[in-house]
Amino acid sequence: MRLLDTETKRFCWFENPRKVSYAILSHVWSSKGEQSHVELLQIQAGWDKYPQEEQLSPKIRMFCKVARDAGYRYAWLDTACIDGTSSAELSEAINSMYDWYRYADVCYAYLADVGLPANPDPLSEQFRKSAWFGRGWTLQELIAPNFVVFLSANWEVIGTKHSLAAVIEAVTHIDTPILIHQRSLDTVSVAKRMSWASRRKTTKVEDEAYCLMGIFGVHMPTIYGEGSYAFFRLQEEICKNISDQSIFAWGGVLDHRDPFQFYTPRGGSRRRPPVKRGTAATEAIGARRQYIFALSPESFKDSSEYKQISPGDFASRLGKTEATYPIFTTTPYGLHARLPLAAASSSSVGTPLFLAFLACVDKDDRLIALLLRASGPSDAVSRAEYVVGDAGAVEHSEVVETVELRSQSVVTLLSSYFRITKLSSSDLQAASQHISITDVHTLARPSRAIYNADRDREIRHTLYKSNLKNPLQLRLTPWSLSLLLAHGYHVKPAQRLPVSNARPVVDASETFTLLPGYPLQLTISDDLGSIVLSIGFCSCQYGQEGGLLSVAIAKQHAMPYGPIERVASVVHERNDAEHVASWTHCAGCVSKEFVAILPTEDYAERRLQLSLSRGFASAASTPSDSQAGLSSSSQLMLSIEVREARPVFAVVPAGHAAIEGSVEGGQQDGHITAVDTGPTWPLGWLFRGLNV
């Protein structure tokens, strides 16, 4: 452990923090930045014998003074004492941090946004609403130390954790006995501990998990860049080390109005397929809710009342004579465990369900049970037997159509998706004859492909839809333009208009401005011929109402400026296969490949790859626009690649449809479409869409 000498302002290393007396700082990082370990080393290298304290940041300077005045030779604060440039040291520090705060003689909590006078009122709103109480990392920094002294912005004492325990409990919902170490953390359920962090924020999404490792007494490697997968790993580690099933007690609660009807499936089969209803495809619920593990601590915001019960008490409630001790194991088939299971039905739900009983209860002593559905055909890829949750008996007006995956249209229920239910003693008595201890494989977390698609949803949305009120800018990617020029292709606008005209023009940086009703026409040519791409807002009802974009292949001559017209025989639906929402999506880019058959003797084939990605947009015009994801000027990047391919010996008949093939598309508020605008092509160029 690296400590800072409060007198010499130099670093000292100690192998065992238990054998040294030190003060530790808890604080919220300044938005203006903090003085780092590397910067301090550079400053210290310029000192001779005595430190030049004016070179230190005010926070480091004042913390050292407070610690030194309290009689501490050594002090620790994260920004100065951890070398953030070393991933190994950072990972070790994060895994050790709870202990470092626990072993400190005293922790000073610096509240930079509480400018209280010398004799402050700790009950003031200023103290209660301090940002310090809303950060993820400060949760363990509040609980772990024996003594916490709160300091105001001018480094004056506000009070201690013991003297302010009642106020802190009201703000954080952490029981006073836990705060002042009269009770151990082990006596608090996993669900309740998670609820403490449910409304706290971290700068990095991975820290939602890393800041809780000490709270649950687990350790795991830190991998910045894995996103919310860190929280999935945390839950797996908790399952390995803590026998508390309340970790699964989160999400919507089915308050069944009518009693459950329990039964034993005929023939002993547990795999009864779910009933399909006209209101919603239950097996196609969005990826965030059907897994047994939560996406983030926020999922536990309503789980503070759940508490664990003993195996003996659990067995007694289920009418069993012997207690069971399930072990949860992550497998390729999902999370595996042997759980008490019973088949059930109710008018409150629309599908036959299985209830997996958990060894935890709510504040009214009702037992918690997971709602499980047998995996349907759409879940086959998961190889799990069950997925979690049910939509309940809801009306069609309560659902909303959205795109969860690039090639699958699903129905996400807004507020009627239930994961758990609560059972009274009479419910358990009715179920007891139908309960069997069963091997259960439950879908645990999304695959990497689904998870990455979910992370890219916001980026993907910007590629399908634009704000009609603001101009849309389009640029060719520099690397794409360079390659085209190097291979003898020329790219230029079909027409150039004066700047004063409200139509697209090309500026010096090759930026095209798209306005409603005036598509941009871009010519790509070589020695064999040319083709015109027409890019603009779609003329369909979705384009007119929602600012949807379209990309069309035009004839050799420039089209008149105006809305892009579709072929009359093509029905333009929201989920049309030509929408770019159905194009291949990967890491914030959508693309599709077309085949160009050139009018040569051997009908040589070339492949044209079009890709759209998000560019840099100018600042949002208003705060509301910024929050809504809208900007005063959005920008897309267009990449065009042309590849030569093997000769094609099949002759394509004249007048062949310009675009063929389809890609199964999804439903989304906003599409870019590739459409044909005429039955023939200049110089025999024929394009047909490929399934990609």
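Student: In which sense do strand 1 and strand 4 run, parallel or antiparallel?

Tutor: This is a predicted model whose residues are numbered from 1 along each chain as its sequence is written, with local features needing pLDDT of at least 70 and side-chain atom pairs counting only at pLDDT 80 or more. Totals for chains, interfaces and linings use all residues, while side-chain values use heavy atoms, with hydrogens and water left out. Strands (E, at least two residues) and helices (H or I, at least four) are DSSP runs numbered from the N terminus, and two strands pair if DSSP finds at least two bridges between them. Strand 1 and strand 4 are joined by two bridges, and they run antiparallel.

Student: Which residue in strand 4 is the bridge partner of L4?

Tutor: Strands of a sheet pair through backbone hydrogen bonds, either parallel or antiparallel. For L4, the bridge partner in strand 4 is A75.

Student: Which strands stand at the edges of the seven-strand sheet?

Tutor: The seven strands make an open sheet of mixed pairing, in the order 2-1-4-3-5-6-7. Each edge strand has a single partner strand, so one side of it is left without a neighbour in the sheet, and the two concerned are strand 2 (11-13) and strand 7 (157-160).

Student: In the hairpin of strand 6 and strand 7, which residue takes a positive phi?

Tutor: Strand 6 (residues 148-151) and strand 7 are antiparallel and pair over three bridges, with G159 in strand 7 as the bridge partner of F150. Five residues lie between the two strands of the hairpin, and the residue with a positive phi near 65° is W155.

Student: How many residues has the largest nonpolar core?

Tutor: A nonpolar core is a set of buried Ala, Val, Leu, Ile, Met, Phe, Trp, Tyr and Cys residues joined through side-chain atoms within 4.5 Å, where buried means under 20% relative accessible area, exposed over 50%, and partly exposed in between (1.4 Å probe, protein chains only). W76, F150, L212, L234 and F248 have the most contacts inside the largest core, whose residue count is 115.

Student: Which helix gives the largest share of this core?

Tutor: The core in question is the one in which W76 and L234 are among the residues with the most contacts. Its largest share amounts to seven residues, and these come from helix 12.

Student: Within what arc do the buried residues of helix 7 fall?

Tutor: In helix 7 (residues 165-172), the buried residues are A165, V167, I168 and T172. They line one face of the helix, because, seen down its axis (the arc being that of the directions from the helix axis to the C-beta atoms), they fall within 160°.

Student: Against which helices and strand do the buried residues of helix 7 pack?

Tutor: Contact is taken as heavy atoms within 4.5 Å. The packing partners are helix 5 (125-128), helix 6 (137-143), strand 6, helix 8 (176-179) and helix 9 (190-197).

Student: How many residues apart are R73 and D5, whose side chains meet in a salt bridge?

Tutor: A salt bridge is a side-chain nitrogen of Lys or Arg within 4 Å of a carboxyl oxygen of Asp or Glu; R73 is partly exposed at 38% relative accessibility, whereas D5 is buried at 3%. Their N to O distance is 2.8 Å.

Student: Which parts of the chain hold K59 and E34?

Tutor: K59 and E34 form a salt bridge in which the closest N and O atoms are 2.7 Å apart. The pair ties together parts that are 25 residues apart in sequence, because K59 lies in helix 2 and E34 in the loop between strand 3 (22-27) and helix 1 (37-45).
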